[in-house]
Amino acid sequence: MADPFFDTQPRDSVAGRLVAEATPGDNAMAVSVSELSGRLKRMVEGEFGHVRLRGEISGYKRAASGHVYLCLKDDSAVIDGVMWKGSAAGLAFRPEDGVEVVATGRLTTYPGRSKYQIVIDRMELAGAGALMALLEKLRAKLAAEGLFDRAAKKPLPFMPRTIGVVTSPTGAVIRDILHRLEDRCPTHVVVWPVKVQGAGAAEEVAAAVRGFDALPAGGPVPRPDLVIVARGGGSIEDLWAFNEEPVVRAVAACSIPIISAVGHETDTTLCDHAADLRAPTPTAAAEIAMPVLADLRLTLDAMATRSERCARRHVERGRERLDALARVLPTRDRLLGPQRQRLGDLGVRGDRALERRVARARGELDRAAGAIRPATLERRVEAARARLADVGRLIDSLNPDRILERGYARVEDRVGATVTTAAAATAAGALTLRFRDGAVDVRTGDAAPPTKVERGAARAYSGDAPRTSAKPDQPRLF
């Protein structure tokens, strides 16, 4: 059997050739991969330069650059798609996986991976059904996060001083709100102008709500006590901005109470669920926000009248009760009669007791006066005088200086104490001899006589009168 790799015989098939050669009758030239990819790209773009595709979004992703990448699929096929940043910024809704859309654009190829894709210029929801499906999906998501819970709703102020309104400044909505507030109770209104439909409307409404919430109290722009988010009626597409997630989150997170008044009574948006209260129309929102001033005045007048009647009725009932009590209370004479009688008895008894006491004292005085006679008094005085004279003579006889008159002298030491023994005189050294008419200072042994200071101290100690010093010719004892 011949080896096919080394068979040099000519054959009809050229599949087993090692080197490519031109075959007679074959006019197909070999082309490069890039050339073929380029021809395919031009063919596809020329044939499908404008297409509209309907399909379900899958693998939706927005890159950091702002470009959007996704796939459109149906039951049996998938095609890649790309939407550049400029086109993606104009989307009227927020695409999500599972939403059916109609994409308008052109087909092109990507030679780097032998793939074709659609470059999307515009994308809309595929009918009202797809729009409602997207709305329901977003509603379920936000409800699961607790943005629609009734427990989180804030009470509206009874009479707000400042009302903030988020709406278009040129529409009839703001005129209706201002006119109704003026009719009911004029108040301060701050309008934050925004777009209420179309591209960028949701972002402007959300920014306005956050802006009102960020205003400081007491700032140059007064912080509202209540915010009204309002728009007139329209189709679901016209109201779609108020179903966008940024608006719903901003309304739910606002610390100021919010009334949502979007569309007519039959229109409902996710903003209505997130707000603290939904009003059927913008005009109804103004009616809810502010009470009627005239009604308030009537109410106050009625309450004042009722208060006056209640006060008057209370006084009348009190007077009736007082009269009833006065009829059953005892009289003053009945209350004070026993005390008055007792006081009279005490007065009579006091007078009698005083008379008896005076009579007893007068008797005692008479008895004492009878016992006191002049002769008796004189004898008592003479006896007292005799006793006094005896006491005087006794005191005079006991005076130690009386003996000095008979020639005696009293010996005193330095401090004026009387010296009674020779030993004490010797021990004292300096002595003073007191005579009837004066004193003489002497000394015993080598002791010096007492100084003037010592003699003065001795006199002060003994209580005597100042002594007269001895005359120069009087004798001194040494």
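Modeller: On a 1 Å grid over the protein atoms alone, a cavity is a set of points where a 1.4 Å probe fits but cannot get out, and its lining residues have an atom within 4 Å of a point. This is a predicted model, in which local features need pLDDT of at least 70 and side-chain atom pairs pLDDT 80 or more, while totals for chains, interfaces and linings use all residues. Residues are numbered from 1 along each chain as its sequence is written, and side-chain values use heavy atoms, without hydrogens and water.

Biologist: Which residues line the largest cavity?

Modeller: The structure holds one cavity of 30 Å³ or more, and about 70 Å³ of space lies in the largest cavity, a volume being the space filled by probe spheres set on the points, which are joined across faces, edges and corners. The lining consists of Arg94, Glu96, Leu134, Leu138, Trp240, Asn243, Glu244 and Glu245.

Biologist: Which element gives the most to the lining of the largest pocket?

Modeller: A pocket is an open set with protein on both sides within 12 Å along at least five of seven lines, and the largest pocket has about 640 Å³ of space. Of its 32 lining residues, those closest to the centre include Arg94 and Glu244. Among the elements (DSSP runs, with helices H or I of at least four residues and strands E of at least two, numbered from the N terminus) that give two or more residues are α3 (127–144) and β5 (115–125). With five residues, the most is given by β5.
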